[in-house]
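Morning, everyone. Please bring up the model.

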Amino acid sequence: MELIIEKNYAYMSRKAAKIIAGEVKRNPGCVLGLATGSTPLGTYRQLIKEYEKGMLDFSQVQTFNLDEYCGIAMDLSKPYQQDQTYARFMHEELFKHINLAPEHIHIPRGLAEDAEQHSIGYEQAIKDAGGIDLQLLGLGGNGHLAFNEPGSSLASRTRRISLAQKTIDDNYEKFYKNAGIGKEHMPQSAITMGIGTILETQKALMLVSGKSKAAIVKEAVEGCITARVPASALQLHPGRVTVILDQEAASQLTWSLDLAKQSN
Ligand code: GLP
């Protein structure tokens, strides 16, 4: 696991965008795994800037998103704030700004009637694309990876999962509250790639920012590998794992600081 500590969120985002852009330039037909949440927003903005400057071409790139809420479907006739699907998030924050082919975009379908069959099909689509070359990841406040909540098997595959109360509360505060949506309308479950699925990606890039994540970062990076902290499974990833932290998120690390690259 390569640990990079950046001064702040802006530097972290720039570094992450540079890694993703490098992948796309090296391999224009690469398969990217994408994440939602507030953390990757700065990275997506950087990638959009690069694209607008003519430095990046996404026309051959394929994407697979980590997860999607169950029970809701993207509705472009609604204002963005009222549409809480991850499909809409990706559309607004990245896809509509770049030249990804719509048929190259994959996101689990939250309204799938048979979530199990849909999940099997999602795994197959990843295989058919040749596997994920680079998977972008965030870290949940309770250590979740994608929507693999604490207790998820480290070998889990894409499936439907019930969301932990902390996840519902965190995501309500960040995304729903401002939209004036009542807490009772929060999705309670999601379809998520499994930890086993994530461990099969060629490379993983996890971004974490802010003091509120410092304790869980320490557990994920320096702690035991345990289903209680799903992100700790990245320690088992057989490929290249890069974790980029800002100084606040890194503030509780102890022994691994010796190994970390301090970029600035
Ligand atoms: C969400 C997503 C995760 C994401 C995490 C962190 O629930 N399912 O993939 O990494 O929460 O979100 P944030 O970046 O907003 O802290």
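Terms first. On a 1 Å grid over the protein atoms alone, a pocket is an open set of points with protein on both sides within 12 Å along at least five of seven lines, while a cavity is a set where a 1.4 Å probe fits but cannot get out. Lining residues have an atom within 4 Å of a point. Points are joined across faces, edges and corners, and a volume is the space filled by probe spheres set on them.

Now the ground rules. This is a predicted model, where local features need pLDDT of at least 70, side-chain atom pairs count only at pLDDT 80 or more, and totals for chains, interfaces and linings use all residues. Numbering runs from 1 along each chain as its sequence is written, and side-chain values use heavy atoms, with hydrogens and water left out.

Pockets, then. The second largest pocket has a volume of about 250 Å³. Its lining counts 15 residues, and nearest the centre are Glu2, Ile19, Arg26, Arg240 and Thr242. Four elements each give at least two lining residues: strand E1 (2-6), helix H1 (9-26), strand E9 (203-208) and strand E10 (240-246). Helix H1 gives the most, six residues. Helices (H or I, at least four residues) and strands (E, at least two) are DSSP runs, numbered from the N terminus. By class, this lining has eight charged, five nonpolar and two polar residues. On classes: Ala, Val, Leu, Ile, Met, Phe, Trp, Tyr, Cys and Pro count as nonpolar, Asp, Glu, Lys and Arg as charged, and the others, Gly among them, as polar.

The largest pocket comes to about 280 Å³. Here 17 residues form the lining, with Tyr80, Gln84, Phe89, Glu93 and Phe175 nearest the centre. Helix H3 (86-93) and helix H5 (165-176) each supply at least two of the lining residues.

Leu32, Leu34, Leu47, Phe58, Val61, Thr63, Leu94, Ile98 and Leu100 line it. That makes eight nonpolar residues, one polar and no charged.

The largest cavity has a volume of about 310 Å³. Its lining has 25 residues, and Thr36, Gly37, Leu139, Gly140 and His144 lie nearest the centre. Helix H5 provides the largest share, six residues. By class we get 11 polar, nine nonpolar and five charged.

What takes up the largest cavity? The ligand does. The test is that more than half of a molecule's atoms lie within 2 Å of the grid points.

So who surrounds the ligand? There are 14 residues around it, the closest being Ser38, Thr39, Asp67, Lys174 and Lys213. Near means a heavy atom within 4 Å. This shell holds seven polar, four nonpolar and three charged residues.

Last, the polar contacts, pairs of N or O atoms within 3.5 Å. Thr39 has a polar side-chain atom 2.4 Å from a ligand oxygen. For Asp67, a polar side-chain atom sits 2.9 Å from a ligand nitrogen. In the Asn171 side chain, an N or O atom is 3.0 Å from an oxygen of the ligand. Alone, the ligand exposes 400 Å², and the protein buries 98% of that. Those areas are Shrake-Rupley values with a 1.4 Å probe.

Definitions and conventions:
A polar contact is a pair of N or O atoms within 3.5 Å; within protein, one must be able to donate a hydrogen and the other to accept it, and residues adjacent in sequence count only if both atoms are side-chain atoms.
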